[in-house]
Protein chains: 2
Amino acid sequence: MTEHIYDEECRRFQASAETVGKRWSGGILMALYLGSTRFSEILGRVEGLSDRMLAQRLRELEAEGLVERDVIPTVPVQIRYALTERGTDLMRALQPLAAWGQRWGTPARV
Amino acid sequence: MTEHIYDEECRRFQASAETVGKRWSGGILMALYLGSTRFSEILGRVEGLSDRMLAQRLRELEAEGLVERDVIPTVPVQIRYALTERGTDLMRALQPLAAWGQRWGTPARV
């Protein structure tokens, strides 16, 4: 009987891979990891990223507990973004994947 | 001047994350990593995966150099799938991501 691997562990692995694999999420997480905090800063660091897509991905990453959004009550209000502990831990866990990308180069686009 | 991070390294990181993050790819790579070689075996191990989607992902993973497809000239012909060296190296690089998934549980689906 083939051992069914789509158990909890594989489901989590698949979900984690999909979280990170969404178009632009890797670049946005990398920008935050490297210290960007403002919307315009992140936008400026990830080539080709649109305002609309960045806003959407930030909402998703926030909902997934990877990014936190701080509202600074100045006039006008200022918004700062940062990785949560979970998000920072994720970026550490992704360093070997980044190193893999260095070793093997960008896979052929399909 | 905001240092533009979308350089080669970040592009590769984004591409690697997207390769793995595509729906079903993680589960299929895991099945191959755990020893499945036949189409029907992989299909049986990844819950909810359709024939059509498995065939498509296998073609993509092959085109990206992560999976190899061997044709055994029996009658009828037999097809076997396996991770390439690049694919096996990727799965090793993903273990910390799998461990992260264990630590934090499945992110809220968005």
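Among the contacts in chain A between residues at least 6 apart in sequence, 40% join residues at least 24 apart, a contact being heavy atoms within 4.5 Å. The model is predicted, with local features needing pLDDT of at least 70 and side-chain atom pairs counting only at pLDDT 80 or more, while totals for chains, interfaces and linings use all residues. Residues are numbered from 1 along each chain as its sequence is written, and side-chain values use heavy atoms, with hydrogens and water left out.

Chain A holds five helices and two strands, arranged along the sequence as α-α-α-α-β-β-α, where helices (H or I, at least four residues) and strands (E, at least two) are DSSP runs numbered from the N terminus. Of the 110 residues in chain A, 49% are buried, that is, under 20% relative accessible area (1.4 Å probe, protein chains only).

The contact between the chains draws 58 residues from chain B and 58 residues from chain A. Together the two chains bury about 5700 Å², 62% of it on carbon and sulfur atoms, buried area being the accessible area (1.4 Å probe) that two parts lose on being put together, summed over both. Two salt bridges are found across this interface, each defined as a side-chain nitrogen of Lys or Arg within 4 Å of a carboxyl oxygen of Asp or Glu. Asp89(A) forms a salt bridge with Arg103(B), in which the closest N and O atoms are 2.8 Å apart. On the side of chain B that touches chain A, helix 5 of chain B provides the largest share, 15 residues.

Terms used
Chains are lettered from A and ligands numbered from 1 in the order in which they are written. Buried means under 20% relative accessible area, exposed over 50%, partly exposed in between (1.4 Å probe, protein chains only).
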